[in-house]
Amino acid sequence: MTVKTPINAAKLRHHIQYNVWKYALLVIISIFLVDLVYTMTAYRPPEDKRIDIYIQSAGADQDAVDGIFEQMRADLLPDMELIRSYLLVAGGSDDMAAIQQLSTYIAAGEGDIYLLRSEDFKRYASQGAFVDLSGAIEQGLLHTGDIDLSSGYVAIQEYDDKTDTMVAVSQRRLYGIPLSQLPGFAEEFGIYNDGLYMSMTVYNGNDENVIRFMDELIARTAVSGEQKDLIP
């Protein structure tokens, strides 16, 4: 004989009281799984159809920056599908979170363009992470005009076990455009440009479009707003 215990309000409250954490956990897991599936299946433009820009500027408005980038994409590179910025932690030399975040992105081969502070730019440029831009300038693909590029030159370095020091193994090459020479970054993009350098990664897989976009960024920001007003 089977005895069935009827469910009443008291028993239901008792059940919920002692099992609420299970339902909460089930909801959290469900949300996580849905998000994971969406992330894994969401469309992501191929490397030759997107440009990712990593910027050390916590004070910038990412939505505003991406809005300008989207307009530039539509006007300059309509065949591209996406140009997007990622704001990096702009900590000091002893900020382990900032150091770890940046090193993780670069080690994973993320990003096409980096806007980095001087210390980080020189560190990764000397390790061979960025493209020598002098070739693009000589070919007329990157127009730098009268910009002072001297501080953007860095020599590739390697560790010498015999001397226990880092030694230069190449001539100094142009791996970054000094943003201090481009006032429009602060005025139009809200990116504090003093001490930042713009570089192109060696693994970007999209040299032609990245160079074209960098060239447009330089042209757009090389002249301050006051100077533009003086141009007849």
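M198 and F213 touch the most other members of the largest nonpolar core, which has 35 residues. A nonpolar core here is a set of buried Ala, Val, Leu, Ile, Met, Phe, Trp, Tyr and Cys residues joined through side-chain atoms within 4.5 Å; buried means under 20% relative accessible area, with a 1.4 Å probe and protein chains only.

Helices (H or I, at least four residues) and strands (E, at least two) are DSSP runs, numbered from the N terminus. A second, separate core has 15 residues, among them L102 and Y114.

The model is predicted: local features need pLDDT of at least 70, side-chain atom pairs count only at pLDDT 80 or more, and totals for chains, interfaces and linings use all residues. Residues are numbered from 1 along each chain as its sequence is written, and side-chain values use heavy atoms, without hydrogens and water.

Buried residues of α7 include N209, F213, D215 and T221. Contacts (heavy atoms within 4.5 Å) of F213, leaving out residues up to four places away in sequence, include I51, F69 and I113.

S199 lies in strand β9 and counts as buried because its relative accessibility is 1%. Its side chain reaches the backbone oxygen of Y175 at 2.8 Å.

Key
Buried means under 20% relative accessible area, exposed over 50%, partly exposed in between (1.4 Å probe, protein chains only). A polar contact is a pair of N or O atoms within 3.5 Å; within protein, one must be able to donate a hydrogen and the other to accept it, and residues adjacent in sequence count only if both atoms are side-chain atoms.
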